[in-house]
Amino acid sequence: MTAGIGKARARANIALAKYWGKSDTQLNLPAVPSISMTLDPLLTETQVELLPELRADVFVLNGEASNPGELTRATQLLDCVRAEAGVRLYARIESRNHFPTASGLASSASGFAALAAAARQACGLAFDARKTSALARQSSASAARSVFGGYVELPAGVAGDATLAATPLSPPEHWALCIVVAVTQEGRKAVGSTDGMTHTKLTSPYYDAWLAAAPKLADEVRAGIAERDLGRVGRAMEQSTLAMHACALAAAPGLLYFQPATLAAFAKVRELRQTRAAEVYATMDAGPHVKALCAASDAAEVSRALAEVPGVLRTILAGPGPGVELL
Ligand code: PMV
């Protein structure tokens, strides 16, 4: 480790039990618990270098200057670390997503987890997974989960509690599951998750029902992971994603993240299950891709079947991976 430089690697994650909605917008606290799987090989590598000659932070993302919004979010995170460490220098951040090209997958989880770890290291703070997770969570709640490997829970936040962090449930070796991502569209999503959540909370008549249902679904997913019971995890996972989307669909105007290919891929997953070709379940986030969950031994068959669905551009396979790593 060189003084003033921090370098870290973190992976994306998929929520098996979803979070949607915040209990405290200022502190970015989720209103419901969520449980995820950290995904290999979808990773981000980030370097933070403190440089006396800089008059502002610089953020280079995938070899290009980041947009102003991304820079602002990175600077906010750095400001927290600088305040804790008593550091006054600005930083040059270089971050690269090693995702399959234009996968259309959100990189905010791996990005902010890697940035949080690298920034703390650059400012001379000792590695502390809990503090890194709480820091990443302020920028993107799902990023709190990417600090840990395997199966991870982010509890619901109590308004005012700035220390909320994710907790690891089981390491990657606990269970060789696979996520097969059916990519259905290139480019960025139409409505980002934070705006979508705020809009849902303000206008959806189903928001309170979602708040009541989500913790029970997280309980099911947690118990299913502990027992390695794919049916238990999968049924709760599908209900969690459909309840989240139903809540968002009922907002005014409704938020529709699905494309025709999303529903076609979802139907294929159910067909594979009904015909007993593979035990597989599906989940969708704030975007049009379908993420299918199955045993690693069924992944090739599920990938082949999803790749044939009209509108599916390609598939990406990922398994449980480790948490954040300092490089
Ligand atoms: O915290 P964000 O902005 O990354 O929002 C995550 C929202 C979902 O991906 C839809 C659900 C989740 O728990 O990851």
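The questions below go from the ligand to a strand, then to single residues and backbone angles.

Modeller: This is a predicted model, in which local features need pLDDT of at least 70 and side-chain atom pairs count only at pLDDT 80 or more, while totals for chains, interfaces and linings use all residues. Residues are numbered from 1 along each chain as its sequence is written, and side-chain values use heavy atoms, with hydrogens and water left out.

Biologist: Which residues come nearest to the ligand?

Modeller: A residue is near a molecule if one of its heavy atoms lies within 4 Å of it. There are 14 residues around the ligand. Those that come nearest are Y19, A141, S142, R145 and S193.

Biologist: Which residue has a polar side-chain atom 2.5 Å from an oxygen atom of the ligand?

Modeller: A polar contact is a pair of N or O atoms within 3.5 Å; within protein, one must be able to donate a hydrogen and the other to accept it, and residues adjacent in sequence count only if both atoms are side-chain atoms. For Y19, a polar backbone atom is 3.0 Å from an oxygen atom of the ligand. For A141, a backbone N or O atom lies 3.1 Å from a ligand oxygen. The residue with the side-chain atom at 2.5 Å is S142.

Biologist: How much of the ligand's area does the protein bury?

Modeller: Accessible areas come from the Shrake-Rupley method with a 1.4 Å probe, and for residues only the protein chains shown count as cover. Taken alone, the ligand exposes 380 Å². The part of this that the protein buries is 91%.

Biologist: Which element gives the most residues to the shell around the ligand?

Modeller: Helices (H or I, at least four residues) and strands (E, at least two) are DSSP runs, numbered from the N terminus. The elements that give two or more residues to the shell are α4 (141-146) and α5 (193-203). The one that gives the most, with 3 residues, is α4.

Biologist: Which domains give at least three residues each to that shell?

Modeller: By type, the shell residues divide into 7 nonpolar, 4 polar and 3 charged. Here Ala, Val, Leu, Ile, Met, Phe, Trp, Tyr, Cys and Pro count as nonpolar, Asp, Glu, Lys and Arg as charged, and the others, Gly among them, as polar. Domain bounds come from an automatic or database domain assignment. At least three residues come from each of domain 1 (5-174) and domain 2 (177-320).

Biologist: How many residues of strand β10 are buried?

Modeller: Buried means under 20% relative accessible area, exposed over 50%, and partly exposed in between (1.4 Å probe, protein chains only). On one side of β10, L177, I179, V181 and V183 are buried, and on the other C178, V180 and A182 are. For the strand, residues 177-183, the count is 7 of 7.

Biologist: Which strand pairs with β10 over 6 bridges?

Modeller: Two strands pair if DSSP finds at least two bridges between them. Strand β13 (residues 314-320) runs antiparallel to β10 and is joined to it by 5 bridges, with V183 opposite R314. The pairing over 6 bridges is also antiparallel, and there V181 stands opposite K291. That partner is strand β12 (residues 290-295).

Biologist: Is R82 buried or exposed?

Modeller: R82 is found in helix α1 (residues 68-85). The side chain of R82 makes a polar contact of 2.8 Å with that of D79, and a polar atom of the R82 side chain lies 3.1 Å from the backbone oxygen of L89. The relative accessible area of R82 is 7%, so R82 counts as buried.

Biologist: Is R276 buried or exposed?

Modeller: R276 is in the loop between α8 and β11 (280-283), and its phi is near 60 degrees, a positive value in a residue other than glycine. The relative accessibility of R276 is 75%, so R276 counts as exposed.
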